[in-house]
Amino acid sequence: MDDRSRALLKTLIERYIEEGQPIGSRTLSRFSGLDLSAATIRNVMADLEDMGFVTSPHTSAGRVPTPRGYRLFVDTMLTMQPLEAVAARDLEQHLLPDSPQRMINSAAEILSNLTHFAGVVMTPKRAHVFKHIEFLRLGEGKILLIVVTPEGDVQNRILPTNQDYSPSQLIEAGNYINSQFSGRSFDEVRLRLKSDLDNLRADISGLMTLALDSSSTIGDMGYGGMVLSGERRLLNVGDLSSNLDKLRKMFDMLEQKSVLMQLLDVSSHADGIQIFIGGESDLLPYEDLAVISAPYSVDGTIVGTLGVIGPTRMAYDRVIPIVDITSKLLSGALSHS
């Protein structure tokens, strides 16, 4: 793409974000700063449409960005706006060291208040901590592992085994593990036992190894929750609320949370700001939505992700700095709480 095409695409997206209406050649001529005829602009727009960066709504001769156009815009054309002093003060005042849950709730709320969209925070992942373990014989070659967490959650796993354990061996192994390791995470136990398994009795060592091997698949114990604030603000966004079917799908996504959790989990493995444009991948299959996210940390270790859910037609240059600074302030507050 040449510089002229890039300049016109940048102008089109900026004006569309500002106005919310398909952008025609007259508007592009006025705001682009380029001395081009209307015919030349129409030809460039036709080329951009062929490349998949813009599209023409049936009801208008103007054009609007596609997910691909938004992606090119946010990746290569965006100039960030500095955060307003008032907004920065609000962030700092609401994210002072306090209880972790209150700080997380405050972060979600302030993200929503500052952007007028929905704020979301994926809470820190819980460690695979157990309060009580029990082994039950199901038959030859099968043992039922029962794990009770400190919160009272119960997780069951069927463990295949080549050794036929007696009921008394299973009870004794469970009692030993509970007395030595109750209240610890499986990761802690694994590290502690790295050099000690050989010194344990064979039956206890074997059962402990089975329990540790299964710990990585113990469902919800490995995941944090999610705090969502201001989702009803999305009802005020015309791009999202004008179509009842799209609105229903959006709130289904917010209620089920699985799509959001997957997005936020992906963000927790990346550095810095991540921008998900609806419709460009299966991660966010809703064309009118966008999610801007960033990981946050405690003492330098990433523990969760926060972000803003809004329309694809949002002021990215303003929202991105809000998400970025919120993640840094939350990281600092949690590290000093």
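What volume does the second largest pocket have? It comes to about 200 Å³. This is a predicted model, where local features need pLDDT of at least 70, side-chain atom pairs count only at pLDDT 80 or more, and totals for chains, interfaces and linings use all residues. Residues are numbered from 1 along each chain as its sequence is written, and side-chain values use heavy atoms, with hydrogens and water left out.

A pocket here is an open set of points on a 1 Å grid over the protein atoms alone where a 1.4 Å probe fits, with protein on both sides within 12 Å along at least five of seven lines; lining residues have an atom within 4 Å of a point. A volume is the space filled by probe spheres set on the points, which are joined across faces, edges and corners.

Of the 13 residues lining the second largest pocket, E14, F73, L78, Q81 and D317 sit closest to its centre. Helix 1 gives the most to that lining, with four residues. Helices (H or I, at least four residues) are DSSP runs, numbered from the N terminus.

Now follow helix 1 (residues 3-19) to helix 4 (residues 67-76): the two pack at about 100°, with axes 10 Å apart. So helix 1 is roughly perpendicular (65 to 115 degrees) to helix 4. Axes are lines fitted to C-alpha atoms over the stretch in contact, and angles run from 0 to 180 degrees between N-to-C directions. In contact (heavy atoms within 4.5 Å), residues of helix 1 including L9, I13 and E14 meet a helix 4 group that includes Y70 and F73.

Conventions:
Angles under 35 degrees count as roughly parallel, over 145 as roughly antiparallel, 65 to 115 as roughly perpendicular and the rest as oblique.
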